[in-house]
Amino acid sequence: MEHGHAADIDRHVRTYVMVFVSLMVLTVVTVGIYYLHLSRPAAIALALVVATVKGALVACFFMHLISERRLVYWVLLLTVAFFFVLLFVPMLTSLLDQARV
Amino acid sequence: MEIPYTVEARPDTGLTSGKIGIWLFLASEVMLFGALFATYIMLRVGAPEWPVGASILNVPLATLNTIVLITSSVTMVMAWASLMRRDLSKARMFLWATVALGGAFMVIKAIEYNAKFEHHLYPSESTFLAIYFTLTGLHAFHVLAGMVVNAYFAGPGSRQWHTNPQWLTNRVEHAGLFWHFVDLVWIFLFPVLYLL
């Protein structure tokens, strides 16, 4: 991120405090979802959505991704693409195996 | 020989060498944990039945660990903000607080592991426990590594402030990126292993 002046840093610190409070609330929500005893698919979907929001808050504000240089975005875009390949290729091969049987 | 672009950004990328280096490292870390998450999904989808983590694991302790790790991310980013404000002593205090919170995470994790071992719940007991210990063990190792780096910058590494303060500020920011990544991984591990 750009290195700013004292006023900019104060603004950053206020954002960090707000993100911290949001993460705490979302942690309570994460545990709360479990105690609601929803159906398993609904609980999985909801928990992953909350975790993704929490992860995005950490990445955007604590890791300064919201104001990063373009090259970092390209690196991450490539990483996300390969991450999904990694996630789905094994499942695809197992599905193909099942289809063959 | 001097390391190039430690303080000034490279004109072509707009980034310092350290910044691009840590992001490339984190990209490789995404693939490491990604491979294990893919393994988890494969094992779970292929298993005839899969236990709800909470029936075996301790949810209150894991919730406490989530709070500890999120708080440590705030102290880490405050260490960087303090250096940006040119306040080294405050930055060192926040770095030590981050190390202490990392230590608290490890102690709580050790209590959890110990309770499992006392009940003879080892990785060999079930597929669920095997992937649980693999994922949380690798994560705990990352917490430990982050603690070592942060302790270095809070202790002997902070001497660099007197010769090149901006380089130290950048290095603490990069150490912070690693620490926040470790926090981010736990944010996903917690619901996936304990609550679903």
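First, a word on elements: helices (H or I, at least four residues) and strands (E, at least two) are DSSP runs, numbered from the N terminus. This is a predicted model, in which local features need pLDDT of at least 70 and side-chain atom pairs count only at pLDDT 80 or more, while totals for chains, interfaces and linings use all residues. Residues are numbered from 1 along each chain as its sequence is written, chains are lettered from A and ligands numbered from 1 in the order in which they are written, and side-chain values use heavy atoms, with hydrogens and water left out.

I also need terms for the spaces. On a 1 Å grid over the protein atoms alone, a cavity is a set of points where a 1.4 Å probe fits but cannot get out; a pocket is an open set with protein on both sides within 12 Å along at least five of seven lines; lining residues have an atom within 4 Å of a point. Grid points are joined across faces, edges and corners, and a volume is the space filled by probe spheres set on the points.

Start with the largest pocket, at about 1,200 Å³. It is lined by 34 residues, and those closest to its centre are Thr52(A), Phe83(A), Phe84(A), Leu184(B) and Phe188(B). Two or more lining residues come from each of helix H2 (40-62) and helix H3 (70-100) of chain A, and from each of helix H1 (17-46) and helix H5 (165-195) of chain B. Which element gives the most to this lining? That is H1(B), with 11 residues. By class, the lining has 29 nonpolar, four polar and one charged (Ala, Val, Leu, Ile, Met, Phe, Trp, Tyr, Cys and Pro count as nonpolar, Asp, Glu, Lys and Arg as charged, and the others, Gly among them, as polar).

The largest cavity has a volume of about 50 Å³. Its lining includes Phe62(A) and His64(A), along with Trp80(B), Glu173(B) and His180(B). H5(B) supplies the largest share, five residues. The classes here are six nonpolar, three polar and one charged.

The second largest cavity holds about 30 Å³. Among its lining residues are Leu88(B), Arg92(B), Phe153(B) and Val172(B). Helix H3 (88-118) and H5 of chain B each give two or more residues to that lining, and H3(B) gives the most, with four. Seven of the lining residues are nonpolar, one is polar and one is charged.

Now chain B as a whole. It has five helices and zero strands, and its C-alpha atoms fill a box of roughly 60 × 35 × 25 Å along the principal axes.

One residue of that chain: is Ser73(B) buried or exposed? Ser73(B) counts as buried because its relative accessibility is 0%. It sits in helix H2 (residues 59-84) of chain B.

Last, Val17(A), in helix H1 (residues 6-35) of chain A. Val17(A) counts as partly exposed because its relative accessibility is 46%.

Technical notes: Buried means under 20% relative accessible area, exposed over 50%, partly exposed in between (1.4 Å probe, protein chains only).
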